[in-house]
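Here is a short briefing on one protein model. Look at the sequence and structure first, then read the points below.

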Amino acid sequence: MEEKNQNSKLKVIGMIVLIFFAVGAIGWRFFGNHTEKPTSHEPKRDQTTKSSSSSHASKQKLSTSEALSEKVVNHFLKAYYTAKSNNSNAEDYKPLMTEDAYGVLQASIKLDGEKGQNGYIMNQELDDTSLYINSINQTVLCNVDYHYDIYKDKDDPKSKVVSDFTAHATLQVKYTKKAGKWLVQAMTPITMTDNVTGEKINE
């Protein structure tokens, strides 16, 4: 009788052990799959991050390519500071300015007259520029070096007084973009200093 009771106890203990292992196996399988799920999603997050990063880089590149550049500014300055005689280059820089800015500039030139302080300015050419571009408000601080000849009589080639008169100008140029093209909206002289280094012509 005792042997039967002992066998019954062993069977019960065996069943408990089997149940324990079964529950443990099920639990391990469940929690194991649960922890693996985030891992399976990680590549998708990385892919989304890479895609977003690539899109941002593309937009940044596009924005940079459309930004106001030194090439644009120098193109205007060369047209503005290169002239055979007073304002003879107006048609060269006119397409690079807004209508209002061009009108203001022409009125100023007309007011100043065509004769300089020491005679007529002829054969003006741009020498060098240094630019500081503010891309936030689209303004440019321009340091400009140029030279020209001075004549007593603009129509007499023999009346040249000074050859290669060098000058320096600092101005602020404000730009605006219209129809995909950068145009000068305003131009304000900051300082204007002229130093004579040219050769005096014997009369």
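**The loop between β1 and β2**

Gln-138 sits in the loop between β1 and β2. Its phi is positive, about 55°, although Gln-138 is not a glycine.

This is a predicted model, in which local features need pLDDT of at least 70, side-chain atom pairs count only at pLDDT 80 or more, and totals for chains, interfaces and linings use all residues. Residues are numbered from 1 along each chain as its sequence is written, and side-chain values use heavy atoms, with hydrogens and water left out.

**Overall layout**

- The protein has four helices and five strands. Helices (H or I, at least four residues) and strands (E, at least two) are DSSP runs, numbered from the N terminus.
- From the N terminus on, the order is α-α-α-α-β-β-β-β-β.
- The protein has 203 residues, and 25% of them are buried. Buried means under 20% relative accessible area, exposed means over 50%, and partly exposed lies in between (1.4 Å probe, protein chains only).

**Helix α2**

- Helix α2 covers residues 70-81, which is 12 residues.
- From its first C-alpha to its last, α2 reaches 16 Å, close to the 16 Å expected at 1.5 Å a residue. The expected span is 1.5 Å times one less than the number of residues.
- Which residues of α2 are buried? They are Val-73, Phe-76, Leu-77, Ala-79, Tyr-80 and Tyr-81.

**Strand β1**

- Asn-123 is found in strand β1. Its phi is near 55°, a positive value in a residue other than glycine.
- Asn-123 is partly exposed, at 21% relative accessible area.
- Gln-124 also belongs to strand β1. At 14% relative accessibility, Gln-124 counts as buried.
- Gln-124 and Thr-166 are 42 residues apart along the chain. Their C-alpha atoms are separated by 9.6 Å.

**The salt bridge**

- How many salt bridges does the structure hold? It holds one. A salt bridge is a side-chain nitrogen of Lys or Arg within 4 Å of a carboxyl oxygen of Asp or Glu.
- The partners are Asp-149 and Lys-160, whose side chains meet at 3.6 Å, N to O.
- Asp-149 lies in strand β2 (residues 139-151) and Lys-160 in strand β3 (residues 160-178), so the pair ties together parts that are 11 residues apart in sequence.
- Asp-149 is buried, with a relative accessible area of 7%. Lys-160 is partly exposed, at 23%.

**Surface patches**

- Patches are made of residues with over 30% relative accessible area and no salt bridge. Like charges are joined within 9 Å, and nonpolar side chains (Val, Leu, Ile, Met, Phe, Trp, Tyr) within 5 Å.
- Accessible areas come from the Shrake-Rupley method with a 1.4 Å probe, and for residues only the protein chains shown count as cover.
- Glu-125, Asp-127, Asp-128, Asp-145 and Asp-164 form a negative patch. Asp and Glu count as negative, Lys and Arg as positive, while His and the chain ends are not counted. The place of a charge is taken as NZ of Lys, CZ of Arg, CG of Asp or CD of Glu.
- Strand β1 (residues 120-134) gives the largest share of the negative patch, three residues.
- Asp-128 is found in strand β1. Asp-128 is partly exposed, with a relative accessible area of 47%.
- Tyr-132, Leu-141 and Ile-190 make a nonpolar patch of about 290 Å².
- Ile-190 lies in strand β4 (residues 181-194). Ile-190 is partly exposed, at 46% relative accessible area.
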